[in-house]
4 protein chains.
Amino acid sequence: MAATDLPDRRADPARLAPEDASTIAAQPSPATGSTGNARTTGSPATGSTGSRSAGSRRSEAARLAVLNAADDLLVEHGFEGLTIEGIAAAAGVAKQTIYRWWKSKVDILFDNLVLDAGTALGWPEHPSGPADVRAYVHRFAAFLGEDPAGRVLQALLGHAQLDPRTAELLHSGFLDELRARDVAHVRTCLGLADDDRAAVVLDAVLAPLYHRALVLRRPLDAAFVDALLDQQLDEQPAR
Amino acid sequence: MAATDLPDRRADPARLAPEDASTIAAQPSPATGSTGNARTTGSPATGSTGSRSAGSRRSEAARLAVLNAADDLLVEHGFEGLTIEGIAAAAGVAKQTIYRWWKSKVDILFDNLVLDAGTALGWPEHPSGPADVRAYVHRFAAFLGEDPAGRVLQALLGHAQLDPRTAELLHSGFLDELRARDVAHVRTCLGLADDDRAAVVLDAVLAPLYHRALVLRRPLDAAFVDALLDQQLDEQPAR
Amino acid sequence: MAATDLPDRRADPARLAPEDASTIAAQPSPATGSTGNARTTGSPATGSTGSRSAGSRRSEAARLAVLNAADDLLVEHGFEGLTIEGIAAAAGVAKQTIYRWWKSKVDILFDNLVLDAGTALGWPEHPSGPADVRAYVHRFAAFLGEDPAGRVLQALLGHAQLDPRTAELLHSGFLDELRARDVAHVRTCLGLADDDRAAVVLDAVLAPLYHRALVLRRPLDAAFVDALLDQQLDEQPAR
Amino acid sequence: MAATDLPDRRADPARLAPEDASTIAAQPSPATGSTGNARTTGSPATGSTGSRSAGSRRSEAARLAVLNAADDLLVEHGFEGLTIEGIAAAAGVAKQTIYRWWKSKVDILFDNLVLDAGTALGWPEHPSGPADVRAYVHRFAAFLGEDPAGRVLQALLGHAQLDPRTAELLHSGFLDELRARDVAHVRTCLGLADDDRAAVVLDAVLAPLYHRALVLRRPLDAAFVDALLDQQLDEQPAR
DNA sequence: TCATAAGCGAGACGGTACGTCACGTCTTGCG
DNA sequence: CGCAAGACGTGACGTACCGTCTCGCTTATGA
């Protein structure tokens, strides 16, 4: 079950070697949003010719340290207690190094979200039936409800309610793409006629999850998810 | 259509037990949460026996100025741009006067929410049929999606994702009560057997609204609400 | 030998009780230059009606702590090593408290200069003869050359070469006044016909002192000063 | 009137011993103070035997660009606004290139001073009479008071009051030597018995100039200089 | 009736974090 | 090896608000 098309930048060499044209990963440039910054476990990707003329490249170690520190501190102190200076200190990095590459703590969290969601919210390579949808929804519920990495999504969703720029980033940078992909897969798996119909099904499943997580603050236990799926998916074919 | 049981605290300092007259007279004590602070149009509540020995009572004008200023500034500058000092300046009030009665800007907004929701989210005095439910849901959608006063709910819901204390205040001080009331009314109007069943119906209607408002960020137009109601309400009796 | 007309604000109640109209001491207002701020040893001077309407007054303790800390740190680390943050830390004061009342470290040093010069560069109350001039010049040389408080003057004179705003402050706020007073006293003591002639004598004495201190960096020992005075003063009457 | 003995280092890397040809060939070594760096109009000094084994030599273009940029920026933004990064940018040079050859902006300015003073403060090749002294003093006054290049001397004199290292550099690297040369020439021109007597005359002339320029901030106009010279020079022979 | 104690405006204060600037060191390719 | 480019750790800058704290003034009791 490999992650497919949600841009998983985990070991994505696209950052420096854009031979993979299929993803959106823009060439990173200092603090112009937050694209293309994600935790990499791979090598520094020195293979390409690089468009940068000369000089020292961005420190991979610093980037990873910042992302991880932000994640840790978010869990530890919450979003409000999350501080650029705190991240810098925890990451052993200079404040200016953070500001060079990210515009705000939201930006840093966003990069973490893209990374973690790429890991946690994958679809099978060739999704083929309702069972794949069920599995994905369970995965989604686990991410949103329990996964510590899901805290980032929760925080960003919350902050998007408070700040239009966060909303814009979150939607056009992540949620829209996620949704488009999910709609397509649902359509395929359920054999639906068009995307609109698939979107209706997807919303019917996801809305209660978001509602329960964000508004009711109750756990998204497997039983709940299963009941939801039984109700929404089984009646679909009947239509 | 007078507001009924959602505690409209316009002139009512007792927040959680409206029927319990014994607690009504208690003058709100400084900054013990956010109880008893709401915009009042009536008199300064002189009816009580007052445990205060002497001196001037709380200034009603100041309280109203603060609440209104907070509302205005929230709309104008957003939650992040909302500051205690800004509210104090806009309200023509000393900072200390705010801190004497509220613990934080969340607290102020919460009072505004209680007040505005009391106005906007009322049920008819004797709700009696599905039509009342439909009307209420439309009202709710309008509040959540368009009403400038609904911005407060949106902001607090967002902030509740970031701060457990806000979540606690919002839920046990407002959402739980709102939900209990709505469940009861839905049960009555639809003639359902028990509260659990009513809660299921309520959630089935509200979840898509919240989802659309908070996650999808699309307008809650009347057509959408009607379609939702048609789907969820009409099929319920059939069960 | 009491200080006369150089505004000695040491224990000058003029800051809050301007019954002494002869001095320039303006009513202090936050960070509008640096007038009227100097170390006071007296009481908080509550006798007057004060133009400030209400609220807490400026903390005398903080003001003194800042001035003294700046003085100490200047001697210890030099002008370049003098830092607002360092002063704040050494004074046990918040940085903002400094910025509230002074615009820059130059401003703080200027206040110290006014204070210290008032102490060190006084004339006798009724200067009457060449001996008073001689005594004053010796005092001046000691101040410029040895007195740790003279370091402030040296630093400000140096910085005035680098920054026009410092130059402006130092001249119109201190040096011009000092010079006018000295010219008048010299004229009186030496029985000169007009101020221009007195200014020539004064310059003839002070120029070598400044030159030696600032340019040659040699000590202004008493022998040098005496020789200078012998040469310049004794021949003057002959003219 | 060719410049004579104030070491005009235009094409002369040996600073302290102009007559000593043995040290001339030494290529300046990186950042060991500020020796040997001055604007050259001639060739890159290829006459020497070059001790460097291989690799590229110091870029003459870069050196000139830095010195000129520093001069321009000093006039434009003042000493405080003068920045290594600003110089580098204005000179089209990498920051490291500056740090390789100079230790600080003071160092760069010092090189400019040595260069400009060499040009502006020359004596005739064989000074012979009081007229030469008068001419030199006029030249000096013009340099100190008007010449944009004199801004450098003013800035360094000012900064020397703030920083002992600058003072040390300025004195032992420039002022002492300048003074020694001037004393010798004055002695010759005025036919004085010894250097001490010449130094007294020199100081008597220069002190008022420095005083007027640095402390009084008044223009050093020709009339003032002439009056000064009349007074100090004409009475000297009488002694 | 009036002292008296609280509410209130004003705003100074010690703090924390912000986002920016420049420092001086370093590393990386190019020539 | 010099150099352009520029990332990096460092530290100070000046600002914005925080929440607490005094001040006098005003005002409505309740002794």
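**Exercise 1.** How many helices and strands does the secondary structure of chain A come to?

*Solution.* This is a predicted model, in which local features need pLDDT of at least 70, side-chain atom pairs count only at pLDDT 80 or more, and totals for chains, interfaces and linings use all residues. Residues are numbered from 1 along each chain as written, and chains are lettered from A in the order written. Take helices as DSSP runs of H or I with at least four residues, and strands as runs of E with at least two. Chain A then has nine helices and zero strands. Its pattern along the sequence is α-α-α-α-α-α-α-α-α.

**Exercise 2.** Find what share of chain A is buried.

*Solution.* Apply the cut-off: buried means under 20% relative accessible area (1.4 Å probe, protein chains only). Of the 239 residues in chain A, 51% are buried.

**Exercise 3.** Describe how H7(B) and H8(B) cross.

*Solution.* The axes of H7 (residues 164-190) and H8 (residues 195-216) of chain B come within 8 Å and cross at roughly 115°. Next, list contacts (heavy atoms within 4.5 Å). H7(B) residues including Leu175(B) and Arg179(B) meet H8(B) residues including Asp195(B) and Tyr210(B).

**Exercise 4.** Relate chain B to chain A.

*Solution.* Superpose by least squares on C-alpha atoms of residues with pLDDT of at least 70 in both copies. In chain B, the C-alpha nearest the axis belongs to Gly158(B), 1.9 Å from it.

Notes: Side-chain values use heavy atoms; hydrogens and water are left out. Axes are lines fitted to C-alpha atoms, for helices over the stretch in contact, and angles run from 0 to 180 degrees between N-to-C directions. Buried means under 20% relative accessible area, exposed over 50%, partly exposed in between (1.4 Å probe, protein chains only).
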